[in-house]
Amino acid sequence: MSEEVTIGDCRLILGDCREVLPTLPMVDLVLTDPPYGLGKRMQGGTWGGAQKYKDLVIWDSRPADDLLLVLAKRAKKAVFWGGNYFALPPSRCWLVWDKQNAVQTMADCEMAWTNLDANTKRISLPVGIHASGHPSEKPVRLMEWSIRTVRASGHVLDPFAGSGTTGVACARMGLQFTGIERERKYFDIACERIDNAYRQGQMFPSGPIHKQEQGALI
Ligand SMILES: C[S@@+](CC[C@H](N)C(=O)[O-])C[C@H]1O[C@@H](n2cnc3c(N)ncnc32)[C@H](O)[C@@H]1O
């Protein structure tokens with residue numbers, strides 16, 4: 001482990017999650033968005049030529065299915081965005097994000113695998129602007145919805161933290177968070193975003209529950 005920063009209830013670790021994980025305690029929820037391994041496929045075409053996709057080949061190496069199975073055992077509840085890219089056990093409870101697609105050559109939806117025996121749920125949310133500079137930054141509201149929908153509380157772990165979106169959601173919701181990120185550039189961005197979230201004092205879920213967010217799982 002090369003570096004660690006604590007901001008409020010958020011602990012951010014710069015390192016490889018395969019090395020860091022054995023040193024961490026069990027948590028209440030693993031909520032993550034692992035690299036899908038699309039790096040090389042995103043290098044061409046109109047969008048692939050953009051500067052922000054050049055970094056994909058560096059960080060977008062798909063983790064082994066075994067690692068995700070180990071991760072699912074680190075908590076009672078597990079939510080893996082992009083779970084459809086991995087060989088995970090059958091689940092009847094998927095979280096589906098309808099991206100209200102403005103870009104028709106991109107996917108209409110993204111899916112999260114969960115280890116819950118519950119109904120599949122859906123949210124409709126625009127992708128928004130990747131303000132952090134991370135090419136696969138998720139909307140903060142998506143992570144907040146994920147946490148609320150699986151009715152998680154306590155301590156949340158994101159071992160592929162990227163620009164820290166899960167941590168920002170936890171800071172806003174008053175949850176404890178541990179995030180691991182391997183790339184220095186994104187680790188620094190995550191620290192800054194989480195620090196800003198604390199400065200804004202948003203220690204509660206943002207806004208009223210959206211219509212599509214009603215009917216949490218349990
Ligand atoms: C899909 S991105 C996550 C994006 C994040 N959801 C966000 O909103 O910014 C996956 C991240 O995992 C990181 N990563 C890849 N392999 C890793 C590993 N073995 N340990 C820790 N981080 C890793 C990559 O650098 C990348 O930033």
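**View 1. Composition of the shell around the ligand.** Eight nonpolar, six polar and eight charged residues form the shell around the ligand; here Ala, Val, Leu, Ile, Met, Phe, Trp, Tyr, Cys and Pro count as nonpolar, Asp, Glu, Lys and Arg as charged, and the others, Gly among them, as polar. The model is predicted: local features need pLDDT of at least 70 and side-chain atom pairs pLDDT 80 or more, while totals for chains, interfaces and linings use all residues. Residues are numbered from 1 along each chain as its sequence is written, and side-chain values use heavy atoms, without hydrogens and water. The ligand is surrounded by 22 residues (a heavy atom within 4 Å), and the closest are Asp33, His134, Ser163, Thr165 and Glu181.

View 2. A polar backbone atom of Cys17 lies 2.9 Å from a ligand nitrogen atom. In the side chain of Asp33, an N or O atom is 2.8 Å from a nitrogen atom of the ligand. An oxygen atom of the ligand is 2.6 Å from a polar side-chain atom of Thr165. The protein buries 98% of the 610 Å² that the ligand exposes when taken alone (Shrake-Rupley method, 1.4 Å probe).

**View 3. Helix α7, residues 165-173.** Helices are DSSP runs of H or I with at least four residues, and strands are E runs of at least two, numbered from the N terminus. Nine of the nine residues of α7 are buried (under 20% relative accessible area, 1.4 Å probe, protein chains only), including Thr165 and Met173.

**View 4. Surroundings of α7.** The buried residues of α7 pack against β2 (10-14), β3 (27-32), α6 (140-149), β8 (155-158), β9 (176-181) and α8 (184-199), with contact meaning heavy atoms within 4.5 Å. Gly174, with a positive phi near 70°, follows α7.

Methods: Polar contact = N/O pair within 3.5 Å; in protein donor to acceptor, adjacent residues only side chain to side chain. Buried < 20%, exposed > 50% of the residue type's maximum accessible area, 1.4 Å probe, protein only.
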